[in-house]
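We will go stop by stop.

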Amino acid sequence: MSDTKIIKSTCKSCHGTCGVLVTVENGQITRVEGNPDSLTRGTMCSKGQAAFQEVNNPNRLKYPLKRMGARGEGKWARISWDEALDMIGTKINEAKQQYGANSVVIGQGTGRGYDPFTIRLAGSIGTGNLMGPAHVCYLPRLLVFALMIGGRLFCDLHGWGGEYPKTIISWAKQMEVTNVDGEMGVWLLDTLEKTKNLVMVDPRSTRLSNRATQWLRVRPGTDAALALGMMNVIINEDLYDREFVTQWTYGFEKLRERVQEYPVKKVSEITWIPEEDIIKAARTFATEKPGCILIGEPLEAANNCIQTLRAILCLAAITGNIERPGSMMVWMPPAAGNLEAFGREVRLPEENRKNIIGGDKYKLCVLGRICHPETVFKQLKEGTSQVQAMHLQGTNPLLCYANTREVFDGLMNLPFLSVADLYMSPTAEYADIVLPVAHWLEMDAIWDDMAVFYIAAINKAVEPPGEAKPDSWIFNEIGRRVGPEHWFETMDDLWNHVLRKSGITFKEFQEKGYLACTGKDQVYYKYKTDYWKPGGGFRTKTGKIELYSTQLEGLGYDPLPYYLEPNESPYSTPELAKEYPLILSAGGRFPYFFHSQYRQLPWLRKLHPYPIVQIHPETAGNLGISEGDWVWIETPRGRIKQKAELLPTLDPRVTICQPHWWYPERPGPDHGLWEANANVLTASDLPFDPAIGASTFRALICKIYKAEEGE
Ligand code: SF4
């Protein structure tokens, strides 16, 4: 007789938090589908549906391993968890004693509910050197929101205040493909039924373009100019929200002066968008209200990311699209609070926070509590680094940071490296200790969504393979060895501690599924109440939305947004552009993978077996390239090979390749990363964003040519 169970859980195959139902038949997962009774209303993407192919994947790591041969030689010995964890704990404690706490780096990848754990672990060691890709992904947004508003903004796609957005700008974002950063695809698609205008800003057409009322095909890396040009129109045509601006913003007159430097004609020349389209989009956003702007990651992987985001947020602010129903909102958390507090309740010594690697130059890194990864690897490579021990969890720096060669050279100089992952990734191949991690289908946990307004339960469907353990357990066990006063006897103690404000236990929470603050519990126009400040106002120094940022000014940065030409372009490096004539966005997202993940999953790999570079048919024709040809993409740093896809909606001068590619099926230690990974093309010797140190992935230059047979 078959034994069938349905487990309610939450997907974390990206950081989207989709509610799921997992069917388990005779101990095997046979199906993962959306849960109609969850906040994501039964929807899922391909990555989540294929997630159960991770569970029995023969390539999963099953036991803790210790390196026996030279780095990357592939010689490993199975060891016990105690031995592995004791070794990691000892190396961290020794480094801390001999070289100070900041000689330890704790690293993570994208937010998967364990951000609070990496923050807490770093805090309990006392190191400020928390490392992740956050400086090119999401943290710039959070910091800009904090600098200007004092809270974290999201598009109000919910209608809880009685109105939906009349105009949505989707700026460098593909929410229809993947649910990320707290604004879920299902919420957008449902909201679009009620939205009059959808303005897309993207160098290429996407699935959502069909529903757009206007598409601005922007030259990669010029988005700040576009936002400033739109504000030029809105301010000069007197279309801004005078009452809101006067009462609730700071520095408007200075912003008015700044945008005069960006007349539409000039902006059109910079962005390659026709003047009339810029004017139309500006008028639409200013007059068809309420409106909101979905902001995507490509804006952050650029040499001017902070000011680009500042310009976009100024656009929302001067049109009064903040905190009103259907605009951009700071959501209130559920009564239980968020997991975030769990990380931050361990105080980091101020001295160590200030002295993080790269923080002297990229001062917003200090504010955001992350070190600057490119500086970490450069110093390691050059032999000038203070770093003695690095623990990485759920991250693959050889694929994901700029300039793979430098990351590799840095890793090879690192005295001690431990990596926790599901698979033997190219980075894990070079570690001293490798720890096997349980998949989300194999663990009990609390998942803190990015939208802030809910926390959700991850409930175990099956046991992990071998001795694999949940991330949270691994953090707790390392924590118990390096800062025991901050960690817990049991995982139930830990989760109950997280939930203590809610009045329910972890077990009760698991049954409930999620805790949320939705509907009438959310408060709009909070700045008119005492919520942030007695008597009203925003949580900033001036109590207003800082169009002119007093904090940036205090740190020595330009307090007003401006445009900066990409480091490499036909305009900034015209000589180099003769050899590398195409503009390259080295990071185009595709539906089946999340960064360097999921190349192991049969369903997804069948749908997308190779890396793809998109080229305009005319450009391809001139280069003798046909659809499906293998081509080399070359920049001054190196070259990689991907398959050509001809995309007629691209500008013929622009090309978009896929990031983070490797071939898990190929032999280690490299698994094809030097052949396919776009970060072979990216740079760590070009100027980073001056405030946060973001590297440029989305606006480089390259040449493309057909690969010869057998190359
Ligand atoms: S969008 Fe993210 S969370 Fe949702 S199903 Fe896909 S991978 Fe899972």
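The tour below says what to select and what is there.

**Before you start**

This is a predicted model: local features need pLDDT of at least 70, side-chain atom pairs count only at pLDDT 80 or more, and totals for chains, interfaces and linings use all residues. Residues are numbered from 1 along each chain, as its sequence is written.

**Stop 1: the domains**

Colour three selections. Domain 1 is 81-136 + 344-439 + 466-501, domain 2 is 153-330 + 523-554, and domain 3 is 574-706. These bounds come from an automatic or database domain assignment.

Now show domain 2 and domain 3 together. Their C-alpha centres lie 29 Å apart. Their contact takes 19 residues from domain 2 and 24 residues from domain 3. Two residues are in contact if their C-beta atoms, placed from the backbone, lie within 7 Å. What classes of residue are on the side of domain 2 that touches domain 3? There are 9 nonpolar, 6 polar and 4 charged residues. Here Ala, Val, Leu, Ile, Met, Phe, Trp, Tyr, Cys and Pro count as nonpolar, Asp, Glu, Lys and Arg as charged, and the others, Gly among them, as polar.

**Stop 2: the ligand**

Select the ligand and its shell. It is surrounded by 12 residues, and the closest are Cys11, Gly16, Cys18, Cys45 and Gly48. A residue is near a molecule if its C-beta atom, placed from the backbone, lies within 6 Å of it. The shell divides into 5 nonpolar, 6 polar and 1 charged.

**Stop 3: helix α2**

Select residues 81-99. This is helix α2, with 19 residues. Helices (H or I, at least four residues) and strands (E, at least two) are DSSP runs, numbered from the N terminus. From first C-alpha to last, α2 reaches 27 Å, close to the 27 Å expected at 1.5 Å a residue. The expected span is 1.5 Å times one less than the number of residues.

Which residues of α2 are buried? They are Ala84, Leu85, Ile88, Lys91, Ile92, Ala95 and Lys96. These residues cover an arc of only 130° around the axis, so they sit on the same side of α2. The arc is that of the directions from the helix axis to the C-beta atoms. Turn to the face away from the buried side: Asp82, Gln97 and Gln98 are exposed there. A residue is buried if 20 or more other C-beta atoms lie within 10 Å of its own, exposed if 12 or fewer, and partly exposed in between; C-beta atoms are placed from the backbone.

Step just past α2. Glycine 100 takes a positive phi of about 95°.

**Stop 4: helix α3**

Select residues 115-125. In helix α3, 11 of its 11 residues are buried. Just after α3, glycine 126 has a positive phi of about 100°.

**Stop 5: proline 133**

Look in the loop between β7 (130-131) and α4 (139-148) for proline 133. Proline 133 is buried, with 25 other C-beta atoms within 10 Å. It touches Gly109 and Cys400, leaving out residues up to four places away in sequence.

**Stop 6: backbone details**

Go to the bond from lysine 289 to proline 290: this peptide bond is cis, with omega near 5°. The bond from glycine 668 to proline 669 is cis too, with omega near 5°.

Finish at alanine 172. Its phi is positive, about 60°, although it is not a glycine. Alanine 172 counts as buried, with 24 C-beta neighbours inside 10 Å.
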